[in-house]
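Welcome, and thanks for taking a look at this protein with us. Please have the structure open as you read; the report goes from the overall fold to a few local details.

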Amino acid sequence: MVKTGLDHIPFPLSKLLAHLCTQDIHYAASVFKQIKTPNLFMFNTMLRCYSGADDPQKGLVLFNRMRAQNHVEDFSLDQFTFISVLKSCSRLLDVWTGLGVHTIVLKSGFDLFLNVKNALLHLYCVCGRIRDARHLFDELGERTDLVSWNTLMGGYLFVSQYDFVIELFKKLHREGFVISVTTILNVLSALGETRNTSFGECLHVFSFKIGFFSNLNVVTALVSMYGKQDHIHSARKIFDEINVKKDIILWNCLIDGYAKTGLLEEAMELLTSMKHHSIKPNSSTLAGLLSACSATGALSIGQYVHDYINEHRLPLDVVLGTALVDMYAKNGFLDKAIEVFNAMKCKDVTTWTTMISGYGLNGQANRAISIFGKMEDEGFVPNEVTFLAVLNSCSHGGLVDEGIGSFKRMVGVYKLKPKIEHYGCLIDLLGRAGLLEEVHAVIEGLPIERDATAWRALLGACRVYGNVDLAERVKRELEEIDEEHPADLLALTSTYVVAGTLPRGGCSLERDNHLVKEMDFEKSAPKKEAGSSRIELG
């Protein structure tokens, strides 16, 4: 092209650029830099290329260059420009830049294009701005298409508002839209979480009637839905009767369903059956089984899975390694958990958090703090779950200073916002150490509405240490927030007993009232059956 001078003609140059973007983005970018006056098509080609590449940020830089050129030359942006740049924003989860682009869209009049509006809708959904997404959707009115509906349903699914997904589907169906595979997948995912069995069965029949049973993704979603709803036999029936070729994801869904239902032996039979069907299990297959072993204490099956991994020389990746660490730690085999942890070549924040939690569960709080420090030294950034594991370990190990220090580090260094669970651990830590006034100060300073659980934790600590004054104040707080419970009175009464005192003034009537209430509660309270638990010993 250079020899013939075609590199100066926009049409062949644009075609070359479009072709290069599908082959080598770096070469396409180098060619684009040599073009002195790129036209809108060339700019849009590179924008589209960056929006799907590993570094969408370059698309935003290019968009700013286009805007600058738009101000100094007769150069106008079009709908395809906005669609590509909004896709880059979505992939980066950059809602603030997206809001700026939305403003430009409104000013330039491109909000009239449905595909631009759908790109904005997608941005707000993936960024969790579901209210903005719904407002935008409602603005579209009758101009919505199936893409609009599916995008909003996916947005509600993302923020775990499953009932809205189901309601949208019903409305979509009433308005006569043709249902797509994406629509069905959204609703099935929501139904799996809501455990709406009757509607799930209706959607099962509906999917069969409209011919979606030849789609492997729909079949997999149905198996997953029934598994989550504890209707594992329905899931197995679909699995056995379908004519489509089963892939590893479908096998994993059924195995996971059996495992979570507690039918571990059936799950292991499926694992063996996979081998006969020449399907090689992956880390997700075995991680689901190991997770169930952690929850049920089925150590022998967990060890079998570990032996299976070694026998088939499966790579100990982050998912599989973390699941093994969790299984051994929760079953009390801390040495095996440490062995697996040390053998892992790749670790992530979840792996470190699991190991910290494992030390805490097995009464080794000091080692939990030590490995937390090692995690930071190796450059891993702890998250909210990590700090929850650290605080739990400190609470059960009585490490007051370390726990307070970790809480301060969470807020001051990592700028993480504590949740009620973090405050609960801190309250428990201080309460166990007898620092009751400090607990009271923490609860008073909670950045949320007064929480009855926190106050009850303090009341329990008052009972242990016989702090009558504080116990009475806590009881009044619980009454003020309308969270009275018969157990609160028992805790207060027990506090008097521990302290060796009587209610204020020693009034026999008040004392009798307390005793009467206590006896009435004991008579009316339902009798609990004795609990039981089971753990397998290797």
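## Overall fold

Helices here are DSSP runs of type H or I with at least four residues, numbered from the N terminus. With that in hand, please keep in mind that this is a predicted model. The protein chain contains 30 helices and 0 strands. Of its 538 residues, 44% are buried.

## The H16 and H17 pair

Two packed helices are described by the angle between their axes and the distance between the axes. For helix H16 (residues 264–276) and helix H17 (residues 283–296), the angle is about 160° and the axes are 11 Å apart. Angles over 145 degrees count as roughly antiparallel, and H16 and H17 are therefore roughly antiparallel to each other. Their crossing is left-handed.

Which residues bring H16 and H17 together? From H16 come Leu264, Ala267, Met268, Leu271 and Met274, and they meet Thr285, Leu286, Leu289, Ala292, Cys293 and Thr296 of H17. By type, the residues of this contact between H16 and H17 divide into 9 nonpolar, 2 polar and no charged.

The loop between H16 and H17 holds Ser278. This serine has a positive phi, near 60°, in a residue other than glycine. Is Ser278 buried or exposed? Ser278 has a relative accessible area of 68%, so it is exposed.

## Aromatic pairs and a cluster

A pair of aromatic rings is described by the distance of the centres and the angle of the planes. Searching the whole structure gives 14 aromatic pairs. One of them is formed by Phe169 and Phe206, an edge-to-face pair with 6.3 Å centre to centre and 80° between the planes. Phe169 belongs to helix H10 (residues 162–174) and Phe206 to helix H12 (residues 197–209), so to speak of sequence, the pair links distant parts of the chain, 37 residues apart. Phe169 has a relative accessible area of 5%, so this residue is buried.

Phe239 and Trp251 make another pair: their ring centres are 4.9 Å apart and their planes stand at 80°, so the pair is edge-to-face. Because Phe239 lies in helix H14 (residues 232–241) and Trp251 in helix H15 (residues 248–260), the pair ties together parts that are 12 residues apart in sequence. Both Phe239 and Trp251 are buried. Elsewhere, Phe63, Phe82, Phe110 and Phe113 form one aromatic cluster.

## Two further sites

You will find Ser160 in the loop between helix H9 (146–158) and H10. Its relative accessible area is 43%, so Ser160 is partly exposed.

The other site is Asn217, in helix H13 (residues 216–228). At 49% relative accessibility, Asn217 counts as partly exposed, because exposed means over 50%. How far from Ile184 is the C-alpha atom of Asn217? The C-alpha atoms of Asn217 and Ile184 are separated by 9.7 Å, while the two residues are 33 residues apart along the chain.

Note on methods:
Residues are numbered from 1 along each chain as its sequence is written. This is a predicted model: local features need pLDDT of at least 70, side-chain atom pairs count only at pLDDT 80 or more; totals for chains, interfaces and linings use all residues. Side-chain values use heavy atoms; hydrogens and water are left out. Axes are lines fitted to C-alpha atoms, for helices over the stretch in contact, and angles run from 0 to 180 degrees between N-to-C directions. Helices (H or I, at least four residues) and strands (E, at least two) are DSSP runs, numbered from the N terminus. Angles under 35 degrees count as roughly parallel, over 145 as roughly antiparallel, 65 to 115 as roughly perpendicular and the rest as oblique. A crossing is left-handed if the near helix is turned anticlockwise from the far one by less than a right angle, and right-handed if clockwise. Contact means heavy atoms within 4.5 Å. Ala, Val, Leu, Ile, Met, Phe, Trp, Tyr, Cys and Pro count as nonpolar, Asp, Glu, Lys and Arg as charged, and the others, Gly among them, as polar. Rings of Phe, Tyr and Trp (its six-membered ring) pair if their centres lie within 6.5 Å; planes under 30 degrees apart count as stacked, over 60 as edge-to-face and the rest as tilted. Buried means under 20% relative accessible area, exposed over 50%, partly exposed in between (1.4 Å probe, protein chains only).
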